[in-house]
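Here are my notes on the model, point by point. Please read them with the coordinates open.

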Amino acid sequence: MTFSARVKEELCRKSLNKKCCALAECYGVLLFCNSWTSREARIVTESDAFARRLPQLFRKAFRMDFDRRPRPGETGKRVFLITDPDKLQTLDRAYGCDSARAVNRTVNFPVVEEDCCKLAFCRGAFLAGGAVTDPEKDYHLEWVTGHIAVSRAFPVILRELGFEAKQAERKANHVTYVKHSDTLADLLTALGAGVSAMEIINTKLEKDIRNGVNRRVNCDAHNLDKVVQAAQEQIAAIERLERAGMLSGLPEKLRETARLRLELPECTLAELAQSCDPPVSKSCLNHRLRKLMALAQEC
Ligand SMILES: [Zn+2]
């Protein structure tokens, strides 16, 4: 089962006890479903849980049955239809719609006045026309509707609930989407999918840890390369001084540094500094090595 399907299943466990919210959820379903015109309301879903919830939802809100429902045991894309003109009129009247303007539906805000109803509306909209990407891949949740005025009004509802959404056009459809793991987790929790929200948070944590480890390993490898390369340059310089017969004439401290570098080619500067007798600071040793390299430049 995809993450999106799991989220829908979890949302469908939300009980249908408040009439106001059932009405709002139906409204979200209708405005984000395949089509809601003056001739039909057509809801298509692949979610088993939503297919079970839909008849209960419409009965709770309107005491209404679908004119066509999937056969029991049917799988894949299932179609729910309302075609009876009286039923369609009931829906229009409940939401204060002018059925003559049914092609260009908009959101009738008084239906989603209360916060509980706003959330129910967003839930219904998501169940009918939404999807969320697997958090392993991306943090993206979207609602898709064919009604432009609905898509314009939808972010206002989300903002009133404390969520900032963005919009995009996709062919003839209007997409409202939310990004970022934190926002997604908060949104899913608010809608009633707390378990899925935790899944997003955990995935984010795991990814952060994985990336952190990778970054450190890369960083260590990079630093090691630098250490090795610097040591090789120092050794080459010391060998050049030796060949030129300059090494023996240098002060004792520089001779000691040169000897240690040749003896301990794999050591870091800090380790080398500790090997001096007496031990010196890393910056002191660094200074001596620079001096050796500068002298080698001259020979
Ligand atoms: Zn309500």
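Leaving aside its neighbours within four places in sequence, which residues is aspartate 134 in contact with? They are Thr2 and Phe3. Contact here needs C-beta atoms, placed from the backbone, within 7 Å.

1. Ground rules. This is a predicted model, in which local features need pLDDT of at least 70, side-chain atom pairs count only at pLDDT 80 or more, and totals for chains, interfaces and linings use all residues. Residues are numbered from 1 along each chain as its sequence is written.

2. Aspartate 134. The residue sits in the loop between strand S4 (130-132) and strand S5 (140-145). Helices (H or I, at least four residues) and strands (E, at least two) are DSSP runs numbered from the N terminus. Aspartate 134 counts as partly exposed because it has 15 C-beta neighbours inside 10 Å. The cut-offs: buried means 20 or more other C-beta atoms within 10 Å of a residue's own, exposed means 12 or fewer, and partly exposed lies in between. Glutamate 239 is 105 residues away in sequence and 59 Å away in space, C-alpha to C-alpha.

3. Cores. The largest nonpolar core has 54 residues, of which Cys26, Leu30 and Phe121 touch the most other members. Helix H2 (residues 19-32) gives the most to this core, ten residues. A second, separate core has eleven residues, including Ala237, Leu272, Leu285 and Ala296. A core in this sense is a set of buried Ala, Val, Leu, Ile, Met, Phe, Trp, Tyr and Cys residues joined through C-beta atoms within 7 Å. In soluble globular proteins, nonpolar side chains tend to be buried together.

4. Phenylalanine 121. Beyond its neighbours within four places in sequence, phenylalanine 121 contacts Ala24, Glu25, Tyr27, Gly28, Val112 and Ile157.

5. H5 on H6. Helix H5 (residues 115-129) and helix H6 (residues 148-160) pack at about 130°, axes 10 Å apart. Axes are lines fitted to C-alpha atoms, for helices over the stretch in contact; angles run from 0 to 180 degrees between N-to-C directions. H5 and H6 are therefore oblique to each other. Under 35 degrees would be roughly parallel, over 145 roughly antiparallel, 65 to 115 roughly perpendicular, and the rest is oblique. Lys118, Phe121 and Cys122 of H5 meet Ile157, Leu158 and Glu160 of H6. That contact divides into four nonpolar, no polar and two charged residues. Ala, Val, Leu, Ile, Met, Phe, Trp, Tyr, Cys and Pro count as nonpolar; Asp, Glu, Lys and Arg as charged; the others, Gly among them, as polar.

6. H2 on H3. H2 and helix H3 (residues 48-62) pack at about 125°, with axes 8 Å apart. This pair is therefore oblique too. From H2 come Lys19, Ala22, Leu23, Glu25 and Cys26; from H3, Leu57, Phe58, Lys60 and Ala61.

7. Backbone points to check. The peptide bond from aspartate 277 to proline 278 is cis, with omega near -5°. Proline 278 lies in the loop between helix H10 (269-275) and helix H11 (282-298). Arginine 63, a residue other than glycine, has a positive phi near 50°. Arginine 63 is in the loop between H3 and strand S3 (78-82), and counts as exposed with 8 C-beta neighbours inside 10 Å. Histidine 180 also has a positive phi, near 75°. Histidine 180 is placed between strand S7 (173-179) and helix H7 (181-191), in the loop. With 14 other C-beta atoms within 10 Å, histidine 180 is partly exposed.

How values were computed:
Two residues are in contact if their C-beta atoms, placed from the backbone, lie within 7 Å.
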